[in-house]
Amino acid sequence: GRKIVAHLLVFEYERPFKEGDFDLVQLLCDVISSEMHKSNPVYSSKLVLYEHFLIDLLNEKIKDIDVIKEREKYLDLDLKEYIQVIAIDVSKIIENNISPLNIIDFLGNIIISSNCVLYNDYIVMIVSRPTKDVILESELAGLEEFLNSNKIFAGYSRCFKSLVDLKIHFNQAVKAIKIGSRIDKAKRLFSYEDYTIYHFMERYSKEELKSIC
């Protein structure tokens, strides 16, 4: 998650603030933050290791629960009891040469205490909270507003309790996008819970479904 390590103070002098001044201050904060990350080798190395850890989980290279817990402890992930995955399709943004890293930084302000990694054409957000209501309604509303303004899609998984199941729930989030964007064309944010039955139906032929029924 994002941690506050410093505050930048800007004072009015000789003239009042203008609208563009706030954008300039935000840019300055981003530059200072980037340089601080570079100058902290421990933080940078852990960030890289953390990203590799999540990508290894998504590629199912790590499946041993004890190894996963050891990595979580070393990387100070401090995961709570319940986890959800959000997958944000940024393929069109990448095609337009817009950096997904800027989007990751922005998303961190919408969904607090989330961890992000870029995986294939998706920004993968891991959100962890102590209750089953992992992603707050206000956060979903903020995310939906962001998706609408950027004309991109996102899906989110069911709750789960261990990163060993990260790939399964990432697939749920992606499947929510693929099914939801076909069924509910006016929406841009999809919950896997709403489309589970359609996913189930996709996996079986008509004959198999008749047999199951």
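1. F22 is partly exposed, at a relative accessible area of 49%. Here buried means under 20% relative accessible area, exposed over 50%, and partly exposed in between (1.4 Å probe, protein chains only). F17 is partly exposed too, at 34% relative accessibility.

2. A word on the source. This is a predicted model, in which local features need pLDDT of at least 70 and side-chain atom pairs count only at pLDDT 80 or more, while totals for chains, interfaces and linings use all residues. Residues are numbered from 1 along each chain as its sequence is written, and side-chain values use heavy atoms, with hydrogens and water left out.

3. The overall plan comes next. The chain has nine helices and five strands. Helices (H or I, at least four residues) and strands (E, at least two) are DSSP runs, numbered from the N terminus. Their order from the N terminus is α-α-α-β-α-α-β-β-α-β-α-β-α-α. Of the 213 residues, 36% count as buried. Contact means heavy atoms within 4.5 Å. Among contacts with a separation of 6 or more, 65% join residues 24 or more positions apart.

4. How many aromatic pairs are there? The count is seven. Rings of Phe, Tyr and Trp (its six-membered ring) pair if their centres lie within 6.5 Å; planes under 30 degrees apart count as stacked, over 60 as edge-to-face and the rest as tilted. F17 and F22 have ring centres 5.6 Å apart and planes at 45°, so this pair is tilted. F190 and Y195 are edge-to-face, with 6.0 Å between centres and 70° between planes.

5. F190 is buried, at 0% relative accessible area. Y195 is buried as well, at 3%. Ring pairs link both into a cluster with F153 and Y198. The charged end of R188 sits over the ring of F153, 4.7 Å from its centre. That call requires NZ of Lys or CZ of Arg within 6 Å of the ring centre and within 35 degrees of the ring normal.

6. G180 lies in helix 7 (residues 166–183). Is G180 buried or exposed? G180 is buried, at 0% relative accessibility. Its C-alpha atom is 6.0 Å from that of F190, ten residues apart along the chain. Beyond neighbours within four places in sequence, G180 contacts K175, F190 and Y195.

7. K175 also takes part in a salt bridge, with E202 (3.1 Å, N to O). A salt bridge is a side-chain nitrogen of Lys or Arg within 4 Å of a carboxyl oxygen of Asp or Glu. This pair links E202 in helix 8 (residues 192–202) to K175 in helix 7, 27 residues apart. E202 is partly exposed at 40%, and K175 is partly exposed at 21%. E202 bridges R182 as well, with the closest N and O atoms 2.9 Å apart. R182 lies in helix 7 and E202 in helix 8, so the pair ties together parts 20 residues apart in sequence.

8. The structure holds seven salt bridges. One of them joins E139 and R129, at 2.9 Å, N to O. E139 is in helix 6 (residues 137–150) and R129 in strand 3 (residues 122–129), ten residues apart. Both E139 and R129 are buried.

9. Helix 5 (residues 100–110) has buried residues P100, I103, I104, L107, G108 and I110. They fall within an arc of 150° seen down the axis, so they line one face of the helix. The arc is that of the directions from the helix axis to the C-beta atoms. The face turned away from the buried side carries exposed L101 and N102.
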